[in-house]
Amino acid sequence: MRKKKVCIVTGSRAEWGLLSPIAGALAVRGDVELQIIATNMHLLERYGHTVDEIRRDGFRVDAEVAMESRSDSRADTAAATGSCLSGMARAFERLDPDLAVVLGDRYELLAVCSAATIMRIPIVHLHGGEISEGAIDDSIRHAVTKLSALHLTSAEVHRRRVVQMGENPDMVHNIGAVGVANALAVEPLAKSELESFLGVGIDRRTLVVTYHPVTADDRSSGELFGSLLAALERFVTSTVVFTYPNNDAHGQEIIRMIDRFVASHPERAVAFPSLGMKRYLSLLRYAGAAVGNSSSGIIEVPSMGIPTVNIGRRQEGRLSASSVIDCADDEASIADAVARALSDCCQKAAATADNPYFKPDTVSRAAELIATTPIEKLRHKRFHDVNIF
């Protein structure tokens, strides 16, 4: 019997951290030929050249599609997306996959899914139906949903929203969030080993900071991130571990500000382009709180038993656990939220908070649906009308 050729396309270290267990589950199946295409941030030295992490995980990368931009301006980001579309078309032409698997809402998915749609390659989309009103990612995610044929959502409310968008209910499955399954499955590194790698001590006052550009806001990313850095100045006993932002427009400005902060506080602040999934999840086990505006703070961090300080509008509208503290993006509001997160009462409450993104058997169910859903059912989409009037 001919194996189904399943092509996973990944553009960032965070996304690969979510997709890698599914890749592993597909790789060992006798009915699947796994293919992997790496693009965008994976191929950039300034973000850690994380395509190497994919190979270190034991996978073959079948194609690399460059997406280098002259700058991180909106215009150059859009132009780079166009070049990615061309590269994806050539990669898909050579690999000839039966399915393309994508996750989330990053702008490179517009290139990936446009190429796949034109070439009649059915798309499997994870994490559709979610809301993040403070980023252009919100519109991209919904566009990807309409280009996709098989939908693996992270919660029931998201499944219903995808159906509301006209997708066939038989092709929309709530499997839970892969990131939560990963977080619970990873055996954490020993604290001493992690501290040796980081170069700083970590404890329940440690703050793990990931802040991305707010792409749907008219204010500058530097202004917004400056308020966070000013708030962090108040927590003189807290070690701060930064992970770099993604390469959305104006991400380089945030990186420069991080580097200046670290240089000014070498005794208690460090920064990394990429920690890798195991180090990142291990760090969350030992830290006091996650701070920033990353979706990881909403989805994975609650399963690590610590609070999240979710800043500003980037994740506005997302389903979240009781351990997530939403705050405005001014210095005083951020400082108050961090102080609350580090308080004994919040630490105790977060340790037992339920995560709405958890479902059992997420990874195995994703692999099974990808491997066994007949291609014939995915090639011809019809709009599914929902009577909402």
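Modeller: This is a predicted model, in which local features need pLDDT of at least 70 and side-chain atom pairs count only at pLDDT 80 or more, while totals for chains, interfaces and linings use all residues. Residues are numbered from 1 along each chain as its sequence is written, and side-chain values use heavy atoms, with hydrogens and water left out.

Biologist: How many salt bridges does the structure hold?

Modeller: A salt bridge is a side-chain nitrogen of Lys or Arg within 4 Å of a carboxyl oxygen of Asp or Glu. By this criterion the total for the structure is 21.

Biologist: How far apart in sequence are the parts that Asp96 and Lys5 tie together?

Modeller: The side chains of Asp96 and Lys5 meet in a salt bridge, at 3.8 Å from N to O. Asp96 lies in the loop between helix H3 (74-95) and strand S4 (99-103) and Lys5 in strand S1 (residues 4-10), so the parts tied together by this pair are separated in sequence by 91 residues. Helices (H or I, at least four residues) and strands (E, at least two) are DSSP runs, numbered from the N terminus.

Biologist: Which residue forms a salt bridge with Arg29?

Modeller: Arg29 is in the loop between helix H1 (13-27) and strand S2 (32-39), and its partner is in helix H15 (residues 362-372), 339 residues apart. Arg29 counts as partly exposed, at 21% relative accessibility. The closest N and O atoms of the pair are 2.8 Å apart, and the partner is Glu368.

Biologist: Which residues are linked with Asp105 in a network of salt bridges?

Modeller: Here the salt bridges form a network. Besides Asp105, the linked residues are Glu130, Asp138, Arg141 and Arg318.

Biologist: Which residue in S11 stands opposite Thr210?

Modeller: Two strands pair if DSSP finds at least two bridges between them. Strand S8 (residues 207-210) runs parallel to S9, joined by 4 bridges, and Thr210 stands opposite Thr243 in S9. S8 also pairs with strand S11 (residues 289-292) in the parallel sense over 4 bridges. In S11, the residue opposite Thr210 is Gly292.

Biologist: Which residues of S8 point the other way from Leu207 and Val209?

Modeller: The residues on both sides of S8 are buried. Leu207 and Val209 point one way, and those pointing the other way are Val208 and Thr210.

Biologist: Which elements do the buried residues of H7 pack against?

Modeller: The buried residues of helix H7 (residues 178-185) are Val178, Gly179, Val180, Asn182 and Ala183. They pack against H1, strand S5 (123-126), helix H11 (277-286), helix H12 (295-299) and H15.

Biologist: Which residue has the backbone oxygen that the side chain of Arg268 reaches?

Modeller: Arg268 is found in the loop between helix H10 (251-264) and strand S10 (269-272). Arg268 is buried yet has no salt bridge, and the nearest side chain of opposite charge (Lys and Arg count as positive, Asp and Glu as negative; His and the chain ends are not counted) is Glu267, 4.2 Å away. At 3.3 Å, the side chain of Arg268 reaches the backbone oxygen of Leu232.

Definitions and conventions: Buried means under 20% relative accessible area, exposed over 50%, partly exposed in between (1.4 Å probe, protein chains only). Contact means heavy atoms within 4.5 Å. A polar contact is a pair of N or O atoms within 3.5 Å; within protein, one must be able to donate a hydrogen and the other to accept it, and residues adjacent in sequence count only if both atoms are side-chain atoms.
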